[in-house]
Amino acid sequence: MRTLLRNREFRAIAVTELLSVLGDQLARVALALLVFGRTGSAGLSGLTYALTYLPTVVGGILLSSVADRRPRREVLVVIDAIRAVVVLAMAVPGAPLPLLCALVATSALLSGPYQAARLALLRDILPQEQYGAGMALRQSLNQGATLAGFASGGFLATAFAPTTCLIIDGITFAVSAIIVLLFVRHRPAAAAAGERTAVSSTFRLVWHSPALRAIFLMTFSALFLIAPEALAVALAAEVGLSPRWVGLFMASAGLFAVVVLWLFATYVTAAQYPKAFPVACIAPGLPLLAVVTLDNPYLIMLVFGLSGAAWAVLIVISVSTFAELLTADQRARGMGIAASTNLTAHGLGAALAGLIADVTGVAAAISLLGLASILFAVLPIVLWSRAQSASARSCSGLSVA
């Protein structure tokens, strides 16, 4: 961990991501309040909130190849600068609602290639043995920034005005661009000039590799594991708890993850990730099986926290291993596809959880989706085991030769 913190480039990327996550959460709170305050429509407010996520999928799939064709540091600086202007434009008083939605969608669209470039650049900065610990620290900081952003966003938006949050978000993008420009060194583009960088070639690479396919399939686990967050409000009502417990339920995953990820980064090395992956695939769903039997809010927080922390560990292992298995010239595209798929699964999973809860009840729905996540993990685990066996046989054959 100390070695990571002594790395100037890693510190720069970690700080910019923390600022980005914090600013984005402030902006999401502000936009929801701003649109609802203007229109009085919960539907339009929800649609605007969704626009902060959904275009990221399109940007990740269609534009992530830019981070392979162009130097990744420059991609980050340019996108940060553009998003600073876009977000500050949202804060202009009286901006028409259609223009506001278009600006929100533009900022979210650019998040796709930005995430792809940042994740790929981190692998350029960190050697293999440090990348996993770097991802764990990054995930821990992001969890903390998410909690701080949501908590402070409501206060700032109501104490001052929603546009205050947007102005702060715009400033974080500008500061991020300056930090990357000053503290991250230039590297040439990963893909050679004239080399094909179609996303379809990366899809083929992922699908024809059992190991890559196993990790890619686990990005869909959000379909099931998002249930505690998506149904926190409904669960509190079903159990007969005060609405104040909703925030605690939603925060428990982040709080547990911060601690568990620190321990994980300290005691688990990247060399141990291949053995840990099958366990990590199953672990997040196991605590959720107990939800249907619980009505004590503290036990619910414990279960949600354990599940969220295990999911955070799975993300770290998956991202680190995925980045290592991809070739350098396809790393940004692969990371962009995986990140976009994961975001899509988040949205679809929230809708799925609501539909099941209407039929079975909220607590039962969360437990059922926990069970579904365990069953879903069987195929990736089988693929991973086959890939590891094939790799062991290959290494054995080389040793004999």
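Tutor: A helix here is a DSSP run of H or I with at least four residues, and helices are numbered from the N terminus. The model is predicted.

Student: Is Leu325 buried, partly exposed or exposed?

Tutor: Buried needs under 20% relative accessible area, and exposed needs over 50%. Leu325 has 40%. That value falls in between, so Leu325 is partly exposed.

Student: Which residues is Leu325 in contact with, leaving aside neighbours within four places in sequence?

Tutor: A contact needs heavy atoms within 4.5 Å. With the sequence neighbours set aside, the partners of Leu325 are Ala211, Leu212, Ile215 and Trp384.

Student: How far apart are the C-alpha atoms of Leu325 and Arg187?

Tutor: Along the chain, Leu325 and Arg187 are 138 residues apart.

Student: Now the second largest pocket. Which element gives the largest share of its lining?

Tutor: The second largest pocket holds about 230 Å³ of space. Its lining has 14 residues, and the closest to the centre are Gln128, Ala270, Pro274, Thr321 and Glu324. Two or more lining residues come from each of α8 (128–159), α16 (273–282), α17 (297–325) and α20 (378–400). The largest share, four residues, comes from α17.

Student: How many residues of the lining of the second largest pocket are charged?

Tutor: Eight lining residues are nonpolar. Five are polar. The charged count is one.

Student: Step back to the whole chain. How many helices and how many strands does the chain have?

Tutor: Strands need a DSSP run of E with at least two residues. The chain has zero strands, and its helix count is 20.

Student: What radius of gyration does the chain have, and what would a compact globule with 401 residues have?

Tutor: The C-alpha atoms fill a box of roughly 70 × 50 × 40 Å along the principal axes. A compact globule with 401 residues would have a radius of gyration near 21 Å. The chain agrees with that, at 21 Å.

Student: What percentage of the contacts with a separation of 6 or more is between residues 24 or more positions apart?

Tutor: Buried residues make up 52% of the 401 residues. Among contacts with a separation of 6 or more, residues 24 or more positions apart account for 85%.

Student: Is Pro162 buried or exposed?

Tutor: Pro162 is found in helix α9 (residues 162–183). Not counting residues up to four places away, Pro162 touches Ala30, Leu33, Leu34 and Ala157. Its relative accessible area is 18%, which is under the 20% cut-off, so Pro162 is buried.

Student: Which residues is Ser20 in contact with, leaving aside neighbours within four places in sequence?

Tutor: Ser20 has its place in helix α2 (residues 8–39). Ser20 is buried, with a relative accessible area of 4%. Sequence neighbours aside, its contacts are Arg83, Arg118 and Phe173.

Student: Which residues does Ala84 touch, not counting residues up to four places away in sequence?

Tutor: Ala84 is found in helix α6 (residues 72–90). It counts as buried, at 7% relative accessibility. Beyond four places in sequence, Ala84 touches Gly170, Phe173 and Ala174.

Student: How far apart in space are Arg28 and Ser385, C-alpha to C-alpha?

Tutor: Arg28 lies in helix α2. Arg28 is buried, with a relative accessible area of 10%. Arg28 and Ser385 are 357 residues apart in sequence, and C-alpha to C-alpha their distance is 41 Å.

Key:
Residues numbered from 1 in each chain as written. Predicted model: local features only at pLDDT ≥ 70, side-chain atom pairs only at ≥ 80, totals over all residues. Heavy atoms only, no water. 1 Å grid on protein atoms, 1.4 Å probe; cavity = no way out; pocket = protein on both sides within 12 Å on 5 of 7 lines; lining within 4 Å. Points joined across faces, edges and corners; volume = space filled by probe spheres on them. Nonpolar A, V, L, I, M, F, W, Y, C, P; charged D, E, K, R; others polar. Rg over C-alpha atoms; globule rule 2.2 N^0.38 Å. Buried < 20%, exposed > 50% of the residue type's maximum accessible area, 1.4 Å probe, protein only.
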